[in-house]
Amino acid sequence: QMVAYAGYCELSGPTTRAANTSDYSDITPGDYGFKVLTSDDPVELTKKLNAEIANGRLAMMAILGMFFQDGLTGSAWGDWAL
C-alpha cells in the first residue's frame, strides 16, 4: 500500500500550491523570511557571526574527541555498567 501511494504521489505530479515554484521566483535561495543572525549594527553582526563560528568549531572538536575516545577505548560514552 505504501509503495502504491508513493507511486501515485510521484506520478500525479506537483499540483499543490507548495510545489508551485513560480511563487518563489523573486526570492533568493535560503531566504525564508526571517533573519536570526542579522543586525543593522555591523559590530553586533560581526559579534554574532563570530560566536556562531566559534560554536561550530567547538562542536567539531567535541565530536573529534568522541571519535578519539571511541578509537582508544571502544566506547565513546564510557562504561556506565560500573
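Helices here are DSSP runs (H or I, at least four residues) and strands are E runs of at least two, numbered from the N terminus.

I'm working on a predicted model, so to keep myself honest: local features need pLDDT of at least 70, side-chain atom pairs count only at pLDDT 80 or more, and totals for chains, interfaces and linings use all residues. Residues are numbered from 1 along each chain as its sequence is written, and side-chain values use heavy atoms, with hydrogens and water left out.

**Overall.** I looked up the secondary structure and got 2 helices and 0 strands. Then I checked burial (buried is under 20% relative accessible area, exposed over 50%, partly exposed in between; 1.4 Å probe, protein chains only). Of the 82 residues, 1% count as buried. The protein exposes about 7,700 Å², with carbon and sulfur atoms supplying 64% of that; the areas are Shrake-Rupley values with a 1.4 Å probe, and for residues only the protein chains shown count as cover.

**Helix α2.** I followed α2 through residues 42–73, 32 residues in all. From first C-alpha to last it reaches 46 Å, close to the 46 Å expected, where the expected span is 1.5 Å times one less than the number of residues. Gly 74 comes after α2 and has a positive phi, near 85°.

**Patch.** I found a nonpolar surface patch of about 430 Å² made by Met 61, Ile 63, Leu 64 and Phe 67. Patch residues have over 30% relative accessible area and no salt bridge; like charges are joined within 9 Å, nonpolar side chains (Val, Leu, Ile, Met, Phe, Trp, Tyr) within 5 Å. A salt bridge means a side-chain nitrogen of Lys or Arg within 4 Å of a carboxyl oxygen of Asp or Glu. Ile 63 sits in α2 and is partly exposed at 37%.

**Trp 77.** I placed Trp 77 in the segment after α2, and it is exposed at 61%. Its C-alpha is 7.8 Å from that of Met 66, 11 residues away along the chain.

**Thr 38.** Thr 38 is in the loop between α1 (2–12) and α2, partly exposed at 41%. Beyond its neighbours within four places in sequence, Thr 38 contacts Leu 45 and Lys 48 (heavy atoms within 4.5 Å).
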